[in-house]
Amino acid sequence: MFGLNKRDTGLIAIVTVLVILAPFILNPFPEGSAMAQFNAGYPDLMQRFVIFGIFAIGFNLLFGLTGYLSFGHAAFLGVGSYGAIWMLKLFSLNVIPSIIMGVIVAGIFALAVGFVSLRRSGIYFSILTLAFAQMSYALAYSVLTPITGGETGLQIKSTDSPLLSNLEPGEIGRASLFGLDMRSSFEIEMGDWLFTFNTGYYLAGIVMILAFYLAIRITRSPFGMMLRAIKSNQQRLNYTGLNARPYTLAVFVISGMYAGLAGGLMVAMDTQVGPERMFWTASGEVVLMTILGGAGTLIGPVLGAGFIKYMENIISKINKGILEQWFAFMPDGIEDLLITLVYPFVGKGWHLTLGLMFMAVVIFLPGGLVEGGQRIGRVFRRRDRKSEHAEADAAKQRNTPAE
Amino acid sequence: MSSSKLTRRGLIKTSAIAAGAGLALPTYLRADGHSGFTNAPTGDTVTLGFNVPQSGPYAEEGADELRAYELAVEHLNGGGDGGMMNTFSSKALQGNGIMGKKVEYVTGDTQTKSDAARASAKSMIEKDGAVMITGGSSSGVAVAVQALCQEAGVIFMAGLTHSNDTTGKDKKANGFRHFFNSYMSGAALAPILSANYGNDRKAYHLTADYNWGYTTEEAVRTSTEALGWETVAAVKTPLTQTDFSSYIAPVLQSGADVLVLNHYGGNMVNSLTNAVQFGLRDKQVNGKNFEIIVPLYSRLMAKGAGANVKGIFGSTNWHWSLQDEGSKAFVKSFGTKYGFPPSQAAHTCYVQALLYADAVERGGSFNPCAVGEALKDFQFDGMGNGPTLYRGEDHQCFKDVLVVKGKENPESEFDLLEIVEVTPAAQVTYDASIFGGDLGECNPGA
Amino acid sequence: MGILEVKNVGKRFGGLQALNDVNLSVAENSVHAIIGPNGAGKSTLLNCFVGKLIPDTGSVMFDGQSVLGRKPYEINQMGISRVFQTPEIFADLTVMENMMIPCFAKRDGAFRMHAIESIPNEKDIIAKAEHMLEDMNLSDHRDMHAASMSRGDKRRLEIAMCLAQDPRLLLLDEPTAGMARADTNNTIDLLKRIKDERDITIAIIEHDMHVVFSLAERITVLAQGTPLVEDTPDNIKGHPKVREAYLGETQTAA
Amino acid sequence: MDAILLQILNGLDKGSAYALIALGLTLIFGTLGVVNFAHGALFMIGAFCAVTLSRILTLSHQVVDETRKDFLGNPLQVDVPYVYDWFGEAGGSAIIDWAVPLSILFAIPIMLLIGIIMERGLIRHFYKRPHADQILVTFGLAIVLQEVIKYYYGANPIPTPAPAAFTGSFDFGAALGFDPNTIIYPYWRIIYFAFAALIIGAVFAFLQFTTYGMVVRAGMADRETVQLLGIDIDKRFTMMFGIAAAVAGLAGVMYTPINSPNYHMGMDFLVLSFVVVVVGGMGSLPGAVLAGFLLGILESFASMKEVLELLPGINQIIIYLVAIIILLTRPRGLMGRKGVMEE
């Protein structure tokens, strides 16, 4: 269907269903229960899941297919965001032109950076991209303050009056899709459960499904095959009459445009941009998301993005008070002991948990989270079928480059 | 208004709503269907959001802010010794929570990044139903979160943020700042500098290359140049700089006899340490002792500079050695609970929490517009800084500013600064219009 | 006039004169072998043909056009394909994908942005690739990872990939190096078959005299960067200069 | 003239810190082919060795002083270090004063041990894994190490001064015949430079002139051949990892008086040291050292106010700009070897 084979159609169908039902799936615990802390089904986090999913999908097109490790991808997300917010401030409060602007600006910037950086490969390429991104960050923070707002960034202000809008004086513009406010939500209560359906989230979700679909098409295309060939053996590619440079540059720009798309969507969801969005740690984050999920796989980067954003937003909010609430049913001594044991890993210690998770995944699941999923799948399959069958299946799966 | 809003979600305990709604119950939540503002507390509790840096360079200040908030919650709910509630000039707070509702709180990590801070604040608003967000340790974060709270229709009580912008060009009707700013630092420092170092000085500025640095340099320059000082040079240093030797080494060659370090946090610790290492303070230039000035002191961070702070002038919002009743009550209460004195960050956060609660009581509602109305031009005392005004035009507090000096013979690890002068509020007050910006209308959301 | 004309080519690496005034003409549709002892400059010469090295002096003309200064992929698109000493294939791709890439390169040129097209729709490419696999007896390995094939199969795949582009000149760099005798013989048979079935010129660098004398129609002997003699295999066999240059080496090789 | 001399001095000093970290990083790249994102953390742990030793030396028992009051108005508890009891007040305070130099002795075995444990326990299993996996696991490790330090020592910088004998600064200007006070330089920074030069020299001498080092260098160039000769190269590589960790650690120890250590100082240095290593050229030890000094000096010049007036903001980007220019003009950095980390 849609030019995809059966497996890929199945994959995109699953992703679509998950995106649509995310408000239910991510809110498994009833409101007010001790476990409600783990609910992630609120608009901001759901938006972040899909937006960083897009970012990681785009990054993976470059890194997963060609093996070129860009260490400055956050710069494209950043310039995309700046482009988008200026569009909202000056042109129209409709998010569509602003997202498009984000993509275009990021694409142009990626073209320039890629043109220079792709003259080198391996770690030399990584450092070149890192250098460009760090320069962007440093300049946005300081010298370019008139354009970027510097440390305090850019927001929509009451003084902004976009060309295509009729705001009353003093009214602060809101990003919308043809009049539909990005922040409007619809809620359903079911018993103790409360589910939120947010306009912005569904816009971002639809965009992510499209981005995911496009990524599958690219991966499965002759172009995608050439990219994998670049990763596999660039020498052979050259002696087969193919010029690697335009291929890598094209995918670099596509990947940069994905980052710009993510940046534009971030602005559409939450109308503010700050320069830290371009700091090297942000670039490192998308690298980690991709590797953690499974570089070169289709769904891996999305899983990795979700995993890291979940840790950042959920684990960091668990404070001592919440731990006390959880363990209140225990006898006092054990309660204190448990709190002492768990406390360093949550709240302000969330980085520690994140670091341990990185190590655990890479040590025990060399293929990332996707491999974890495959292993679980294999265990179940082994129960059903004869073991040889499953083994053969597993081997086959291993050989399929994208899952 | 359309149905646009951030979601409201009080913690639904074992409520009648749940019991009554056995089946799916779709509801469009509209302003008229509810109390008319975002996250109106429905049960017998109210949730506040404490958004502080828990990772990154300001984690220690964030931890101290969080301690202060926990203490404030304890006091608001009637626990502990009541702290500054006893000395606060307004007596609206009863120790029975806020308007009879028990105060609960959620915490989050700003990471001192505006994106992360907004994500954290949004989760508090969308998921936890927080009706007020407070905290933070930098102006970038304060401005970003303040703008978010304006959009979402909740109150933002700024934590530590010193840039003029927060209540200047980026001010918002839903945002309030108790902390002082760069302008006040400059205005408060100038007379003391004049008295101690004379009016014939040549100053060399090192300025952190971002908004706060610019406003601080501007403030100190303006006020010292008015004294007759000459500014020899002003060099911008990158935020990410750790070793300032290449900026400090040329200072002596320039003929300057005063070095002003417009740095905060880690930058300040490093640049000050480096400056002292270079022996600047032992030098004589133009027949005078070479001096160093740090416009904004943070005691927590100054600790990192160790003995290097001795004898160096700066300003601070509050210091635990103040002897007024409010400060003493707060230090006692905080010190008893945690075993060490509170920082200025802790102080401003504690005060902000109390001021918010008090404004809700006096305004009779959690509605941000009612709170804003109650805080507008509110005059109070007994919170550690003498008589204070929450100015209605820019939501900035005007109060005495402390000029401090690194103590020569500290008696303990907390005893780093000594108060040189308490500059009266009148001397640091300025016209609200000078920084531009537009407060806008209060936004109750929903 | 040969299809490949090499005139006065010289190449220096620091103090070492790797090639010195090399003249060579490869006739169209012939098999031309370049032999010589270790360090004679055979590989250097080959690298000058394909754009990996640029000679300091002289010219290399392919079908009347200079190849000097062109990138490897441009030279390939002119009609020169190269087989490496150790098989260079796309190890992480399947055998079929390996086969399709040269087919695309032949059809679409050095770059084409076919990012949305679906591979299963490329019927002509698939047909051609499958035909080549069939022809090379590799069909059984169609969906295997290329990395997991035997060395002999990799070699055949590489040759197949080169042939899929219908090159006019096929360059082989010691194609049987490190092979067992049986594999070597298979390769010889394969190359003979290719020569018979196609209009193709083959230039081969080889150590193994058995291979050379089974295939070559003309032989150039290179020593210390200079061509010693160029002649038919029969004449080369008894040539005293060649014996001199190869003293000892021919005995072990033969 | 004196301004330029001064910035060259500064650059050498800055450069020696970069060079030391980059040297260790290159040892690991070169010998083991591992991208070690935890190298900054090793630098940080070195610095905290100094903090720890000074904490140990100042371990105290408390004596109540009735005449003084603490911040709550209670009698002040005065800390008396045990070393005062053992060596008298003068001797004790001298020992505490010399905590940083003493930490060198303390840090060497600890860092060696940490390095060896790291290599044996973790890095070893990642030699054959893709660089991406190495990045993920070492980055994870760096976060963990950093958070552990934060948990025990807090997030704030901790002052760790140099011995009193080394405070103050030397007046080069007066010594060289310029006006006094124009070229002054702190003693401790001069010591840092000398120390860095010593360590760099020692590492080079070790690799160049000892048989052990020669085998390691041979192994760096061609691991398999050396193994074929029946030499247990793995053991030596483990040792080299330990040495690299020790070099990073010592750089950290000596750095503490210059900037008070904090838990994230490693991350602050990490990116910069990667840039230095790559600009120097992958796998080249002299390249790493050369690039360290070069970038240090250029950074110092870029921070001069005369330069900044001409090119505002150049100090923000100079290192990256130079890195880009060098990598575009010299494909493998200053002295890189072909084929190292180029895929």
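What follows is a conversation about a predicted model with several chains.

Trainee: Which pair of chains that touch has the most contacts?

Mentor: In this predicted model, the most contacts among the 4 pairs of chains that touch are between chains A and B. On that interface, 47 residues of chain A are in contact with 54 residues of chain B.

Trainee: Which elements of chain A give two or more residues to the side that touches chain B?

Mentor: They are α2 (43-66), α5 (122-141), β4 (185-190) and β5 (193-198) of chain A, and the largest share, 6 residues, comes from β4(A).

Trainee: And how do the residues of that side divide into nonpolar, polar and charged?

Mentor: The side of chain A that touches chain B divides into 10 nonpolar, 22 polar and 15 charged residues.

Trainee: Let's go to chain C, then; how many residues of chain A are in contact with how many of chain C?

Mentor: There, 26 residues of chain A are in contact with 30 residues of chain C. On the side of chain A that touches chain C, the elements giving two or more residues are α7 (199-220), α8 (222-232), α9 (234-238) and α10 (244-269) of chain A, and α8(A) gives the most, with 8 residues. The residues of that side divide into 11 nonpolar, 10 polar and 5 charged.

Trainee: How far apart are the closest C-alpha atoms of chain C and chain B, and of chain C and chain D?

Mentor: The closest C-alpha atoms of chain B and chain C lie 34 Å apart, and no contact joins those two chains. For chain C and chain D the corresponding distance is 14 Å, and again no contact joins them.

Trainee: What is chain C like as a fold, in terms of helices and strands?

Mentor: Its secondary structure comes to 10 helices and 10 strands, and along its principal axes the C-alpha trace of chain C spans about 60 × 40 × 35 Å. The radius of gyration of chain C is 19 Å, which agrees with the value near 18 Å that a compact globule of 254 residues would have.

Trainee: What percentage of chain C counts as buried, and what share of its contacts comes from residues 24 or more positions apart?

Mentor: Of the 254 residues of chain C, 43% count as buried. Among the contacts in chain C with a separation of 6 or more, 68% are between residues 24 or more positions apart.

Trainee: Switching to chain B, what is the order of the strands in its open sheet?

Mentor: The order is β3-β2-β4-β5-β6, 5 strands with parallel pairing, and the twist averages 20° from one strand to the next.

Trainee: Why is one side of β3 and of β6 left without a neighbour in that sheet?

Mentor: β3 (102-109) and β6 (175-177) of chain B stand at the edges with a single partner strand each, so one side of each has no neighbour in the sheet. Strand β2 (residues 45-52) of chain B pairs with β3(B) in the parallel sense over 8 bridges, and within β3(B) the bridge partner of Leu48(B) is Tyr105(B).

Trainee: Which helix lies across β4 and β5?

Mentor: That is helix α11 (residues 344-363) of chain B, which lies across β4 (132-135) and β5 (155-158) of chain B and runs at about 160° to β4(B).

Trainee: What about β9 in chain B, how many of its residues are buried?

Mentor: In strand β9 (residues 258-262) of chain B, 5 of its 5 residues are buried. Side chains in a regular strand alternate between the two faces of the sheet. In β9(B) both faces are covered, with Val258(B), Val260(B) and Asn262(B) on one side and Leu259(B) and Leu261(B) on the other.

Trainee: Which strands pair with β9?

Mentor: Strand β7 (residues 202-208) of chain B is joined to β9(B) by 5 bridges and runs parallel to β9(B), with His205(B) opposite Val260(B). Strand β12 (residues 291-296) of chain B also pairs with β9(B) in the parallel sense, over 3 bridges, and there the bridge partner of Val258(B) is Glu291(B).

Trainee: What does UniProt list for residues 45-407 of chain B?

Mentor: The unreviewed UniProt entry lists them as "domain: Leucine-binding protein". In the model, that span is 39% helix and 21% strand, and its end C-alpha atoms are 45 Å apart.

Trainee: And which residues of chain D does the "transmembrane region" annotation cover?

Mentor: According to the unreviewed UniProt entry, the annotation covers several spans of chain D, including 190-216 and 237-258. Residues 190-216 of chain D are 96% helix and 0% strand, with the end C-alpha atoms 32 Å apart, while residues 237-258 of chain D are 86% helix and 0% strand, with the end C-alpha atoms 32 Å apart.

Key:
Residues numbered from 1 in each chain as written. Chains lettered and ligands numbered in written order. Predicted model: local features only at pLDDT ≥ 70, side-chain atom pairs only at ≥ 80, totals over all residues. Helix = DSSP H or I, 4+ residues; strand = E, 2+ residues; numbered from the N terminus. Rg over C-alpha atoms; globule rule 2.2 N^0.38 Å. Buried ≥ 20, exposed ≤ 12 C-beta atoms within 10 Å, placed from the backbone. Contact = placed C-beta atoms within 7 Å. Nonpolar A, V, L, I, M, F, W, Y, C, P; charged D, E, K, R; others polar. Pairing = 2+ DSSP bridges. Axes fitted to C-alpha atoms, helices over the stretch in contact; angles between N-to-C directions. UniProt positions renumbered as here; feature names shortened; annotations may be inferred.
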